[in-house]
Amino acid sequence: MHEIFKGLCVAILIIVAGFAATTPARAVVELDITQGNVQPLPIAISDFQSQDGLGKKISDVVSADLKRSGLFAPIDPSAFIQKGLGPDVSPNFQDWTVINAQALVVGRVSPEADGRLRVEFRLWDVFAGQQLDGQQFYTNPDNWRRVGHIIADAIYERVTGEKGYFDSRVVFVSESGDKANRVKRLAIMDQDGANVRYLTDGRDLVLTPRFSPNRQEVTYMSFGNGEPRVYLLQLETGQREIVGNFPGMTFAPRFSPDGQKVIMSLQQNGNANIYAMDLRSRATTRLTSTSAIDTSPSYSPDGTRIVFESDRGGRQQLYTMGADGSNQQRISFGDGSYSTPVWSPRGDLIAFTKQSGGQFQIGIMRPDGSGERILTSGFHNEGPTWAPNGRVLMFFRDQKGGGGPQLYSIDLTGYNEQKVPTSGYASDPAWSPLLD
Amino acid sequence: MLSMVSQGKTRIALALFAGLLVAGCASKKDGLPDNAAGLGLGGANGLGGAGNVTPGSPQDFTVNVGDRIFFETDSTEITATGQQTLQRQAQWLRQNSQYPITIEGHADERGTREYNLALGARRASATRDYLAQLGVPANRMRTISYGKERPVAVCDDISCWSQNRRAVTVLGGPSS
């Protein structure tokens, strides 16, 4: 078990310093991503220099991340005039403006005497002829992909003014076998689909894994022996335990933003109500008390409010309440039923699944229920999860006759839908916070 | 030795063929349940079906009584047909009191995962309560919900979804 989890330990990455000139007074290269459809920024990413092929592999990760974001358009390296450029020399900017590059990334990977790697990069504003960013990192060679993601995040943040989301992971359910008897395993991967690791062996049916804010734990639902229950899994040790001692099925778990509580539904006879359990004191608090199905609770990022779904009014609708269960009010009023609400890490939006006209849609609305927008619609789309910067959603999709579910991501603008690569069927994604 | 080997192969071939037949049934789209038990016909008219099934055996329950009932979309109301099936079940379960009973609640795939877990639990509870009213001791029965996780019919239209919205009365522990 230890082997599986060893690689998940937070990598040792030290940002040594921004080197050379840092933030210039005026940058020409910036991207306003507050508007709907953004024209992606042409960016040249030169293969990072290295003695082996690792430099190119890292710059390829940077390029793939930026491209998938839909906000950058990496230029084909075969068009480059100034080839093999490293971080030590000033670029010949004329050679880059002529191929329409607005930004240029160069870098180098070199081995240290202690076995670690030193990875440096510089981001240039081609038209202003200025450096926008320059950093170096020391890391274990096994973490080369993470260095690529961290550099991509730095570039994304410098150009857009918003935090990136590339150095993050996704926990999900990997599915295999017949639809009538699916084998489901918990799995974890980098947000781009790389470095998949399986956390359970498939003997027990597992559903709805969710990250803790410290990323060291996952809460999920498992059938195991007997009553289906909410479990807590320590990623480093593989240790697992049942959350709480409830007299019935518990399901739909999520952590509070401080990681101290798990909120979930408890099924008793025909009713499901929402409970919060303090993980230190083990005290449980009942938050809803109806003869309906109240489920899928999700905290606001400041921990003061909870959004959930309930069919207390007939069909499934979204409701908000205080973290103590006070002031429960319905917020969804559109045509259809609403479920699986999840509060944005920025606090400004709630994403949900909506069933309407025989279609399953992913949408967003403000926490007061206003401004509803549907981002994607089809035979079956379900279970959105937010990227740590609150700009991108991941969800799972079953296509009619398609055999099984797959993961997709989409911008909250509704543009840039992308399939997330997984080796088999996949469902129930949950995005981690940014690693650090 | 050689003949034994070939016999073994024949058995495997037959088993595969049987498997294909079952798979064929699972995808048929005539709107009927995909197993004899779901039809519940044998028990209803007391004719046929019995064959060489031992009375009082789990097979007798499944084949001649009918082990499952079906629900309308998002509903936990027990239909008239469901009530008839449960009346037969209750009579049989009272006569064969040696079996512990697990009632599995299921939902079709046209709902979200968490809601369907609760919906399956509601269907199992409604079924248990109905059987209890008919004299099956409540302490003999436990319930479990599988939500939309264990469909019996796997096509992408209503003919399958209607078969998956079900509560199954299982003798002994849960079936999966």
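Mentor: Start with pairing. Two strands count as paired if DSSP finds at least two bridges between them. Here, β28 of chain A and β29 of chain A (residues 418-420) are joined by three bridges and run antiparallel. Keep in mind that this is a predicted model.

Trainee: Which residue of β29(A) is the bridge partner of A:Tyr408?

Mentor: A:Lys419.

Trainee: What happens between β28(A) and β29(A) in their hairpin?

Mentor: Six residues lie between the strands. Among them look at A:Gly414, which takes a positive phi near 90°.

Trainee: Which strand pairs with β28 of chain A over six bridges?

Mentor: Strand β27 (residues 392-397) of chain A, in the antiparallel sense. β28 itself covers residues 406-411. For one position, A:Arg397 stands opposite A:Gln406 in β28(A).

Trainee: Now a sheet. What is the order of the open sheet of four strands in chain A?

Mentor: β18-β19-β20-β21, with antiparallel pairing.

Trainee: Why is one side of β18 and of β21 of chain A left without a neighbour in the sheet?

Mentor: β18 (294-299) and β21 (329-330) of chain A stand at the edges; each has a single partner strand, so one side has no neighbour in the sheet.

Trainee: How many bridges join β19 to β20 in chain A?

Mentor: Six, between residues 305-310 and residues 317-322, running antiparallel. There, A:Glu309 stands opposite A:Leu318 in β20(A).

Notes: Residues are numbered from 1 along each chain as its sequence is written. Chains are lettered from A and ligands numbered from 1 in the order in which they are written. This is a predicted model: local features need pLDDT of at least 70, side-chain atom pairs count only at pLDDT 80 or more; totals for chains, interfaces and linings use all residues. Helices (H or I, at least four residues) and strands (E, at least two) are DSSP runs, numbered from the N terminus.
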